[in-house]
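This report covers one protein chain and its secondary-structure packing. The sequence and the structure are shown first.

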Amino acid sequence: MRSRPRLNLALLAAGTLATALLLQAMPASKSGGNIEIPSSSIAGSPGWVQIPNWTPSVAVEQAVQDAVRLAPALENFVTQPESWWASLRDEAELIPSKILKKVAVGPGDTLMQLLTDAGAEPQDSHQAIQALGQKFNPRKLKIGQEITLTFERLDESGDNYRLFEMALAPTVEREVSVVRNDVGFRASETIREFNISHARVTGEITDSLYNAGVEAGLNSSLLAEFIKLFSFDVDFQREIQPGDSFEVFFERHLDEQGRAVKTGRIAAASLTLSGRELRYYYYRPNDGGDADYFTLRGQSVKKALLRTPIDGARLTSGFGKRMHPILGFSLMHKGVDFGAVAGTPIQAAGEGLVEVAGWNGGYGNYVRLRHGNGYATAYAHMTRVNVKSGQRVRQGQIIGTVGSTGRSTGPHLHYEVLLQGKQVNPMNVRFPSGRKLEGGEYERFRRQVERLDGEIRATPLLALLNRD
C-alpha cells in the first residue's frame, strides 16, 4: 500500500558496504583472480556474479563508491555511524503499524466496493462483510453512512498492509465492528447509554404549523411526531389560523459531556386553535395496556383512522359533486384529493388487511384496506405500491407514494373512506376512539399529569439546532 524508497536504498547500500568489508577480510591470491559472490549483495537480485582480477583494496574502494552512489545517506554511516543508525531507526519508526481510513456510502455504493476501493483484498472484504451480517444487515446502509477501516502492517518495509478492523454506527446509540482474528473476522456491538433530560419549545403559527415548528427549532423527527399526534383531531388544511400556537415538551439524550446527541419521545404537547386548546400527555398504563397519548379526561387520542394519511399536503378537492377535470362534466367526487409532490409517502390510515393492491382502471395504482367496525379506506393514483393483497398493515405504515397514474391531471392522492361499502366524507365522519382510562388507572394518570405540568412550568424554553 506504500513504499519506503529511502529506507530500502539505505539498507541496500549498507549491504553493499558489508560485502566490501567481507571482501577486505578475505585473502587474495598473489596474482589476483576471480571470486564469486551472491549478486543480491550488490544488485539486489538472485544468482551469482563473478568479479574478475579481484584484489582487496580495489574491491573495497569500488564497493564504497557503489554504496555512496546507491544511498547518499551512507556517507554518514562511514563518517558518523552512530548518528546514521539513529536516523535509520527514526525513519523506521515513521512506518505506522496501523493505518485508519474513513469512507462514506454514496449513491449506488456497495460495501464490497467500498472496502476493495480502500485497499482491502477481495477475500478479506468478503469475510468481513459476512461477519458483519451477524450484527447488522449491510443492505441497510444509508447514503452518507461513515465507515472507519483499520489496516495493519504486514512487514517492516511498510509496503504491505491488510484489513484489520471495520466499524460503523447505524444509530447514535449503537456501534458495530468486525475485527480480524486467527480464523477470519469476529463481529461485536456496543450500546451507548445516555442521560435523559427534558426540553420545552413553543411557537406561534403565522402561515403553517410546519414552518412555525422549523422556525421554533423543532427537528424533522419531532415535527413529524407532533403533526401525527394531532392528525387524528385536526384538519390542518382548514383549522390552522394565523395566531394559533403550540408547545412541545420532549426528551433529550445527553452524552457524558452533557451534549444533546438525540431527541426522544414527546412527553406532552398542546395546540391552541382559535383559543381552543388541545393538550395531550404520553402515558403507559400499569395494567399492561399499550402506551399512548391521552387527553386530560383520560381518553386516548388515537382513532381508528387518520383523517389525512399524508404529511404536508394541501386539500385540493373535497367530497361531493364537482366538474371532472378530465371528463368535462359534473360527477360525484367520492373522496378527497391531497396535492403533493410525486414520491411523497402515503400512510395507512389505520391498522387493517390489504384487500386490493395494484392497477384499478381510472384509479391507476390503487390500494384498499379493510379495517374493523365496517370501515375501509382506499388510496388512488399512486406512483408506487409497497404492499400486497392479503398483507396486514399497521396504522402509519408507508403503503406507497404519491403519483399521477390513471385518470389524473397531476400528482395527488385520492383518498376514500368507506363505511359498510359506501363512500363517506373523510372530513365529517366520526371515527371510533381508542381506550378511555378509568378508576385507579385514571387516578395514576392524573398524578403523572400533575408532575409533568410542574416540570413543564420549571423548564426554560430551548432553541434547538434542528438535530435529528
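In this predicted model, the exposed residues Gln123 and Gln130 sit on the face of helix α6 that is turned away from its buried side. The helix spans residues 122–132, and its buried residues are Asp124, Ser125, Ala128, Ile129, Ala131 and Leu132. Viewed down the axis of α6, these buried residues fall within an arc of 160 degrees, so they line one face of the helix. Their cover includes α5 (111–117) and the strands β5 (161–171), β6 (174–181) and β7 (184–191).

Another part of the chain holds an open sheet of five strands, ordered β8-β9-β10-β11-β12, with antiparallel pairing. Its edge strands, β8 (195–204) and β12 (292–294), each pair on one side only. On average, neighbouring strands of the sheet are turned by 30 degrees against each other, direction ignored. Strands β9 (residues 245–254) and β10 (residues 260–273) pair in the antiparallel sense over nine bridges. Histidine 253 has lysine 262 in β10 as its bridge partner.

Helix α8 (residues 220–230) packs on this sheet and touches β9, β10, β11 (276–283) and β12. Helix α9 (residues 439–458) lies across β8, β9, β10, β11 and β12. The table gives the angle of each helix to one strand.

| Helix | Residues | Reference strand | Angle |
|---|---|---|---|
| α8 | 220–230 | β10 | about 35 degrees |
| α9 | 439–458 | β11 | about 110 degrees |

What length should α9 span? At 1.5 Å a residue, its 20 residues should span 28 Å, and the end C-alpha atoms are 30 Å apart, which agrees. The buried residues of α9 are Glu441, Phe445, Val449, Leu452, Asp453 and Ile456. These residues cover an arc of only 110 degrees around the axis, which puts them on the same side of α9. Strands β8, β9, β10, β11 and β12 are included in what covers them. On the other side of α9, the exposed residues are Glu450, Arg451 and Ala458.

The protein chain has an average pLDDT of 78, and 72% of the residues score at least 70. Over residues 28–54 the pLDDT stays under 50, and the model has 47 contacts beyond four places in sequence for this stretch. Residues 322–330 also have a pLDDT below 50, with 18 contacts in the model beyond near neighbours in sequence.

Key:
Residues are numbered from 1 along each chain as its sequence is written. This is a predicted model: local features need pLDDT of at least 70, side-chain atom pairs count only at pLDDT 80 or more; totals for chains, interfaces and linings use all residues. Side-chain values use heavy atoms; hydrogens and water are left out. Two strands pair if DSSP finds at least two bridges between them. Helices (H or I, at least four residues) and strands (E, at least two) are DSSP runs, numbered from the N terminus. Axes are lines fitted to C-alpha atoms, for helices over the stretch in contact, and angles run from 0 to 180 degrees between N-to-C directions. Contact means heavy atoms within 4.5 Å. Buried means under 20% relative accessible area, exposed over 50%, partly exposed in between (1.4 Å probe, protein chains only). The arc is that of the directions from the helix axis to the C-beta atoms. pLDDT is the predictor's confidence in each residue, from 0 to 100. The expected span of a helix is 1.5 Å times one less than its number of residues.
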